[in-house]
Amino acid sequence: MGTMQTTRLRFASLLVVAIAILGGATQALAEEIKITSMEGFQSMPLVYPKFMIDNLWILISAAFVFIMHLGFATLESGLTRQKNTVNILFKNVFIVSVGIITYALTGFNTMYPDPGDFNGYLAILGPIGFGGDEVANLTANYADYTYWSDFIFQAMFAATAATIVSGAVAERVKLTGFMIYATILVAFLYPIAGSWKWGGGWLDAMGFYDFAGSSIVHAFGGFSALACVLVLGPRRGKYVDGQVRPILGHSMPLATIGVFLLWLGWFGFNGGSVLSADPTLVSLVFVTTSLAAAAGALASIFTSMIYLKKPDVSMALNGILAGLVGITAGADSVTWVGAILIGLVAGCIVVFAIVIIDRIQIDDPVGAISVHGVCGLWGTIAVGIFSTNPEHSVGTQIVGTLSYALFAFVASMILASVVKATIGLRVSAEEEEEGLDMGEHGQPAYADFQHINN
Amino acid sequence: MGTMQTTRLRFASLLVVAIAILGGATQALAEEIKITSMEGFQSMPLVYPKFMIDNLWILISAAFVFIMHLGFATLESGLTRQKNTVNILFKNVFIVSVGIITYALTGFNTMYPDPGDFNGYLAILGPIGFGGDEVANLTANYADYTYWSDFIFQAMFAATAATIVSGAVAERVKLTGFMIYATILVAFLYPIAGSWKWGGGWLDAMGFYDFAGSSIVHAFGGFSALACVLVLGPRRGKYVDGQVRPILGHSMPLATIGVFLLWLGWFGFNGGSVLSADPTLVSLVFVTTSLAAAAGALASIFTSMIYLKKPDVSMALNGILAGLVGITAGADSVTWVGAILIGLVAGCIVVFAIVIIDRIQIDDPVGAISVHGVCGLWGTIAVGIFSTNPEHSVGTQIVGTLSYALFAFVASMILASVVKATIGLRVSAEEEEEGLDMGEHGQPAYADFQHINN
Amino acid sequence: MGTMQTTRLRFASLLVVAIAILGGATQALAEEIKITSMEGFQSMPLVYPKFMIDNLWILISAAFVFIMHLGFATLESGLTRQKNTVNILFKNVFIVSVGIITYALTGFNTMYPDPGDFNGYLAILGPIGFGGDEVANLTANYADYTYWSDFIFQAMFAATAATIVSGAVAERVKLTGFMIYATILVAFLYPIAGSWKWGGGWLDAMGFYDFAGSSIVHAFGGFSALACVLVLGPRRGKYVDGQVRPILGHSMPLATIGVFLLWLGWFGFNGGSVLSADPTLVSLVFVTTSLAAAAGALASIFTSMIYLKKPDVSMALNGILAGLVGITAGADSVTWVGAILIGLVAGCIVVFAIVIIDRIQIDDPVGAISVHGVCGLWGTIAVGIFSTNPEHSVGTQIVGTLSYALFAFVASMILASVVKATIGLRVSAEEEEEGLDMGEHGQPAYADFQHINN
């Protein structure tokens, strides 16, 4: 045996020992050690880099989700008339801001209560309480990132629900009324419902699965929107003598910018919901998310070409969103083929849902009820059909998603009705004709352009 | 010798041993071990964090490249007339969607064939086949990321080629014809040509170098566009009695948004092409990419100020793109001075190329042939001139880039001609006058604004 | 004692030894070893992953800061008239490009001089000199990332100062004059002043603290803008017979896109200024940045509702920016409650500052002096009030921020005056009426739309 081979053997033994030690060490750390200070943590060089990466990915994901708010702002204003543009932009600025602040003041602790609280309710009104910069038990829910990262990622989610409503009630909702409605929705209703699953509440205990929020965020937002629209009524001139009059959006480029930014943001919405930078899962989620979005677009393009005769760009855009909402509940637990099928079905559903909801004279200017509500239901149920995890069942998924839809619908109905009865939920007919930009804000969106009156 | 010093010495010995073991371990892992399951991988704590980072960077890069599709959509619609805006937006939604789906169904395996396939051709029509969530040989092509990450990153690239054509044929191409053209281009032609270099084919064997695709993506797209434009002919009224009539773009803000988003996306396009988060290379690529873009802008600004008398913002924007396309082939292998020089030359070239191509009555509304085709050639050849790697040669670079340009031109010419002869490639003269938005889609882009007829 | 327990005990001993060794190793590396080559570095598997993550985060942050330039371009053009849109877009393309190139040629070495230089001045005109791809002393200023990463991150910052001026002087500044003004500002004045703190100069030695540049970037830009506006004078028709005539911005969607992109970019601006991916600090910075922005928006919304009677969307947008500028100096050293308070105050300040500055007939079309100048002062001083670090004092903060404001004001005043006296700083009255787009560029921003003459 030559010297080199001996050295190799010796090195190999050392290597085996080293890997055993280190492998064991990580394993042990992951299972047994509760870390409460950064200093203790940083002294563990094997765990620290993974923690850094996971934490950074949650933060980058929060930034991606943040940009979805610009996506909603541009999509909603693009699909409505120019005379209501300032109002929509203003509402979106307000919602994201009030959403983040109220999530710090009450939402975060309501949604993710300490184990001692009763299903989250006792945590209501508690501000970010438990040391935002600490790292909790490395094996518990908050493993792999700081509480601050968890907070900001979830805060960016929270405002989304209210934003979904914003689009559906556009062009006739009264600003102050909507501001109060949205604040209560995001500060109390969304985190209470969210705690049922993500806070370890009763739906979590039942085995309900909603990876990134097809139900918790989207169906919640969509069915809140449906109730609010029913309380509010349709726009003037939309339904005349039983006829549906189309009201065209004022800027398709704005709408397109919105949908592409939403797709971009969804990489953080779904990708960050892995709650770590786990290579297998995050990679899979990027692929399923993209395939479902693309399949949704193609399905709604061909559906609208065949069914509506013309390839409508707003239908293509809603097809992307339908695919994205559809994949959100199961992005980490379906195959790539499953993702395409979920997207295809969502893209078909959304076209018919938009047409039907319009026919029964529920006036949703941007299609939010169809995209977020109907496709949110579909996506949640689809987990029961396509998931590779045998523990996911269609029955439980239906119970869970209907719980969210029903709670959102009833709570939003009560809230909107109270606002309507007190400070008012709708602008005057004159203001609606003139546009909310001048009526509510005294400010045109496009001062230098000649407009056609719509 | 005091106790403390003794302890220090002992500690130092331990340290040396530990570093030796761990250094050796990583080295050994990197060179010798083929990992096929995640579980095996995660038990190797020294390699796992690097794998996590590399994989995450590929995914984030994929998101950056994705946003380039919004960049193209807004750039192309900004540089054309408002009456064709919906059509351009629709085409871009379709291309990115069909690009991702076909890349999963056929493109990925065609472009990156298994070694057993004959130069990729036998892999045609094979869907993502080889276990997307696995990590292959840590030292082979797919080291450092999952197949899923590789797939989604490359899928975002694939649709780019067809998007480049989309801009050049804008304002007169028939929607259904273009949809078929673009689908075949992205599903078959691009991945076949791509496999010559990135799939380890004959150009790779020759020593041809194209880091992130000055030829493989941009020259391919640019020369496909040239052929398609020749088959299609110029827009009505563009060349009358031998005179060139300028047709102004309808929104410079949209065009500017497009170019800034493209620059942003290029950080992923070039930065992700390192195929790891290697600090030296990714840092260098960010610097060379930015310096070339900035130099391209300055060169085209001053060229257009001197040569065209007026500082044209669309020339400045095309200068940025010219610099970006130019640096793409060698972003990892030129110095920062080389990057500036490549950008400066590209920024000059693009101004003259746009003017000349217009004079010889090839109608390219957005300058895609100049930006992607001509500057793609330049960038690829520039590797032979400026590369710090002595193995790169001007001769090989010329052979490689001309191969891509020629293949793209011929294949696109045949494809466009077949489409033209069968279902048609061009809208009617009446529809062209009215605009494709109403003709193809029955939908105006800006319903609330008074337009000037152009 | 059973076998399993024995094994556990033995394993535990091994574990303790391993952690001790590795913990010690990292510690030792961090404190003692100067690494000058990549090869040496890569052989240290415990340090390398952290270095990879830190470096990647700086690069991703640079990409985020880059997109702020699109944010400024769209915000500034949205808040001004359509006839000057091309001019604003062009200036922004020029500034980011010339900023990056001059930062490579002179700025970087001026701002971060070698210790041997006299406070940076001797480094003026030195190009990126010290091996851009090397990693310096792991414990010194440049630890955790390559010089290339440091360069590109700082280069993206540098152009910001000139961009701030661009908005304030919009709609009447002469293009060539401004190009020279901006080039000198970004190439020389900004890096000289920046070196006082970030280059380890006299303000750093004094204990002045400015985490990410409330003073170094924003107050510098804001007070440069104030001087330039004073030299330039107000727009024609803005102040007639002592009356203030409002001049409306031409596109609120563009302005909104701008502010959301700025907020997004600020995650890199502040988050990247941690100069590592340190989980505690980066997480905290994301939270404080978001809370301050949200609080700024709410404060200016309610201030403008009460004080101006109408909820103005441009005030809401400026409230976001005010909060962001305000938190920038102390984003890593205040609590979440402090961040909300800083944002609330900034959001109130900005409304009154804009109104007052307009009343005293200083014409700042976009509110840049108020947002960046006044709130930059506030944010810097706020560190002295809210910082959890007892070493930060209000007195030192006042000295530091006034030094930046004063230097910027005086230097900009001289520079603008020299430009005015030589090649001219202002367009003719006729050109101003017609708009700079046709006058300076011969190109309308919106060729297909009918405009109202403003």
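A residue counts as buried if 20 or more other C-beta atoms lie within 10 Å of its own. Keep that cut-off in mind on this tour of a predicted model.

Start with chain A. Of its 454 residues, 65% are buried. Colour by secondary structure and chain A shows 16 helices and two strands.

Next, select Leu291 in chains A, B and C. The largest nonpolar core has 492 residues, and Leu291(A), Leu291(B) and Leu291(C) touch the most other members. Zoom in on Leu291(A).

Move to chain B and select residues 252-271, helix α9. The end C-alpha atoms of α9(B) are 28 Å apart, which agrees with the 28 Å that its 20 residues should span at 1.5 Å a residue. Look along the helix for a kink of about 30°, centred on Gly265(B). α9(B) is mostly covered, with 20 of its 20 residues buried.

Finish in chain C with residues 214-232, helix α8. From first C-alpha to last, the 19 residues of α8(C) reach 25 Å, close to the 27 Å expected at 1.5 Å a residue. A kink of about 25° is centred on Phe220(C). Because 18 of its 19 residues are buried, α8(C) is largely enclosed by the rest of the structure. Step past the end of the helix to Gly233(C), which follows α8(C) and has a positive phi, near 85°.

Technical notes
Residues numbered from 1 in each chain as written. Chains lettered and ligands numbered in written order. Predicted model: local features only at pLDDT ≥ 70, side-chain atom pairs only at ≥ 80, totals over all residues. Core = buried A, V, L, I, M, F, W, Y, C linked by C-beta atoms within 7 Å. Buried ≥ 20, exposed ≤ 12 C-beta atoms within 10 Å, placed from the backbone. Helix = DSSP H or I, 4+ residues; strand = E, 2+ residues; numbered from the N terminus. Expected span 1.5 Å × (residues − 1). Bend = angle between axes of the 7 residues up to and from the residue.
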